[in-house]
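Please consult its sequence and structure as they are shown here.

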Amino acid sequence: MEHEYALPIGTVLADEYRIDGILGAGGFGITYRARDVKLDIDVAIKEYFPRDFASRSNTVTVHPRGRSEVEQFKWGLSQFIDEARRLAQ
């Protein structure tokens with residue numbers, strides 16, 4: 001599965017997680033199949049990427065597409081983080 005906004009396969013995040021594939025993508029994010037290279041285990045990584053109002057400035061950083069999208073982006077990010085916290089409990 002490919003997605004035009006997804007991180008390239010092989011991207012390493014935080015010197016620990018290697019992106020190996022895409023599990024799914026929706027309006028607010030992309031879920032990757034990845035490898036924790038330090039623990040040598042497979043993991044899933046969910047990335048906040050609201051494609052209607054975000055873009056990438058380089059291969060990793062996601063930011064609001066423009067000034068008019070900043071508030072939407074911040075609100076969505078806070079919801080994304082809240083969901084991650086709930087799931088972690």
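The questions and answers below go from the overall fold to individual residues.

Reader: On what basis are the values given?
Author: Residues are numbered from 1 along each chain as its sequence is written. This is a predicted model, in which local features need pLDDT of at least 70 and side-chain atom pairs count only at pLDDT 80 or more, while totals for chains, interfaces and linings use all residues, and side-chain values use heavy atoms, with hydrogens and water left out.

Reader: Which pattern does the chain follow, read along the sequence?
Author: The chain contains one helix and six strands. Helices (H or I, at least four residues) and strands (E, at least two) are DSSP runs, numbered from the N terminus. Read along the sequence, the pattern is β-β-β-β-β-β-α.

Reader: What percentage of the residues of the chain count as buried?
Author: Buried means under 20% relative accessible area, exposed over 50%, and partly exposed in between (1.4 Å probe, protein chains only). Of the 89 residues, the share that counts as buried is 31%.

Reader: Is Leu7 buried or exposed?
Author: Leu7 is found in the segment before β1. Leaving aside neighbours within four places in sequence, Leu7 is in contact (heavy atoms within 4.5 Å) with Leu13, Ile19, Tyr32, Glu47, Arg56, Thr59 and Val60. Because its relative accessibility is 5%, Leu7 counts as buried.

Reader: Which residues is Ile30 in contact with, leaving aside its neighbours within four places in sequence?
Author: Ile30 is one of the residues with the most contacts inside the largest nonpolar core. With those neighbours left aside, its contacts are His3, Tyr5, Ala6, Ile22, Gly24, Ala25, Ile45, Lys46, Glu47, Phe49 and Arg56.

Reader: What is the phi of Ala14, and what is that of Asp40?
Author: Most residues other than glycine have a negative phi. Ala14 is found in the loop between β1 (12-13) and β2, and Asp40 in the loop between β3 and β4. Ala14 counts as exposed at 66% relative accessibility, and Asp40 is exposed with a relative accessible area of 54%. Both values of phi are positive: near 55° for Ala14 and about 60° for Asp40.

Reader: What distance separates the C-alpha atoms of Asp52 and Gly27?
Author: Asp52 lies in the loop between β4 and β5 (54-56), and at 62% relative accessibility Asp52 counts as exposed. Asp52 and Gly27 are 25 residues apart along the chain, and their C-alpha atoms are separated by 7.3 Å.

How values were computed: Core = buried A, V, L, I, M, F, W, Y, C linked by side-chain atoms within 4.5 Å.
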